[in-house]
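Here is a short briefing on one protein model. Please look at the sequence and the structure first, then read the points by topic.

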Amino acid sequence: MVTVKFEGIENLQIKLKEKAAEIEKAMMEGADEAADIVKQSAESKAPRGETGNLVRSIDKNKVLNKDGKISVYVGIQKNEIFSADGYYARMQEKGTSKMKARPYLRPALDENRSRINSIITEKVREVIKWLIQ
């Protein structure tokens, strides 16, 4: 029989609780930085059209933390060009019965997933580096 005894668990729990706000801030900063990357990628992939309105309407909102879930939206924002439903943008992304899809948002996210994870991981790692040394 092998017995393993861990000491200092209470101290570790205290330190992690003290760092919780910093970890949350790091995750939010990482999400914001990652959203910039997805936004830029979507802008480069979006159909240009005659006016360029679709590209100019791609934006991100601020990072939110609701009930412990951190999120940021990248997509078509309501503005003087597009209404809230994003009808034209949705037709471009998904296609119609008469028009082939020209996706730009989903590919922008999919192609940057590993980079997104790396950014957020590195931000959090900086906060808890004392723990993993």
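Helices (H or I, at least four residues) and strands (E, at least two) are DSSP runs, numbered from the N terminus. This is a predicted model, in which local features need pLDDT of at least 70 and side-chain atom pairs count only at pLDDT 80 or more, while totals for chains, interfaces and linings use all residues. Residues are numbered from 1 along each chain as its sequence is written, and side-chain values use heavy atoms, with hydrogens and water left out.

**Salt bridges**

- A salt bridge is a side-chain nitrogen of Lys or Arg within 4 Å of a carboxyl oxygen of Asp or Glu.
- Side chains of opposite charge can pair when their charged atoms come close.
- The whole structure holds 11 salt bridges.
- One of them joins Lys-19 to Glu-22, at 3.7 Å from N to O.
- Lys-19 and Glu-22 are about one helical turn apart, because they sit 3 residues apart in helix α1.
- Lys-19 is partly exposed, with a relative accessible area of 21%.
- Glu-22 is partly exposed too, at 41%.
- Glu-122 and Arg-125 also meet in a salt bridge, at 3.5 Å from N to O.
- Both Glu-122 and Arg-125 belong to helix α5, where 3 residues, about one turn, separate them.
- Glu-122 is partly exposed at 36% relative accessibility, and Arg-125 is partly exposed at 39%.
- Asp-110 pairs with Arg-113, and their closest N and O atoms are 3.3 Å apart.
- Asp-110 counts as partly exposed at 38%, and Arg-113 counts as partly exposed at 41%.
- A network of salt bridges links Asp-32, Asp-36 and Lys-60.

**Nonpolar cores**

- A nonpolar core is a set of buried Ala, Val, Leu, Ile, Met, Phe, Trp, Tyr and Cys residues joined through side-chain atoms within 4.5 Å.
- The largest core has 14 residues, and those with the most contacts inside it are Ala-46, Leu-54, Ile-58, Ile-76 and Tyr-104.
- At least two residues of this core come from each of α1 (9-45), α2 (53-57) and β4 (74-76).
- Helix α1 gives the largest share, 4 residues.
- Another core, of 5 residues, lies apart from the largest one and includes Ile-23, Ala-26, Val-127 and Ile-128.

**Largest pocket**

- On a 1 Å grid over the protein atoms alone, a pocket is an open set of points where a 1.4 Å probe fits, with protein on both sides within 12 Å along at least five of seven lines; lining residues have an atom within 4 Å of a point.
- Grid points are joined across faces, edges and corners, and the volume is the space filled by probe spheres set on the points.
- The largest pocket has a volume of about 450 Å³.
- Its lining has 17 residues, of which Val-38, Val-72, Val-74, Leu-109 and Ile-116 are the closest to the centre.
- Elements that each supply at least two lining residues are α1, β3 (69-71), α3 (87-94), α4 (105-110) and α5 (113-127).
- Val-74 is placed in strand β4 and counts as buried, at 18% relative accessibility.
- The C-alpha atoms of Val-74 and Tyr-87 are separated by 16 Å, with the two residues 13 apart along the chain.

**Surface patch**

- Patches are made of residues with over 30% relative accessible area and no salt bridge; nonpolar side chains (Val, Leu, Ile, Met, Phe, Trp, Tyr) are joined within 5 Å.
- Accessible areas come from the Shrake-Rupley method with a 1.4 Å probe, and for residues only the protein chains shown count as cover.
- Val-2, Val-4, Phe-6 and Ile-9 make a nonpolar surface patch of about 460 Å².
- Val-4 lies in the segment before α1 and is exposed, at 59%.

**Loop residues**

- Asp-67 lies in the loop between β2 (64-66) and β3.
- Phi of Asp-67 is near 55 degrees, a positive value in a residue other than glycine.
- Asp-67 counts as exposed, at 71% relative accessibility.
- Lys-100 lies in the loop between α3 and α4 and is exposed, with a relative accessible area of 71%.
- Lys-100 and Val-38 are 62 residues apart along the chain, and 23 Å separates their C-alpha atoms.

Key. Buried < 20%, exposed > 50% of the residue type's maximum accessible area, 1.4 Å probe, protein only. Patch = residues over 30% accessible without salt bridge, like charges linked within 9 Å, V, L, I, M, F, W, Y side chains within 5 Å.
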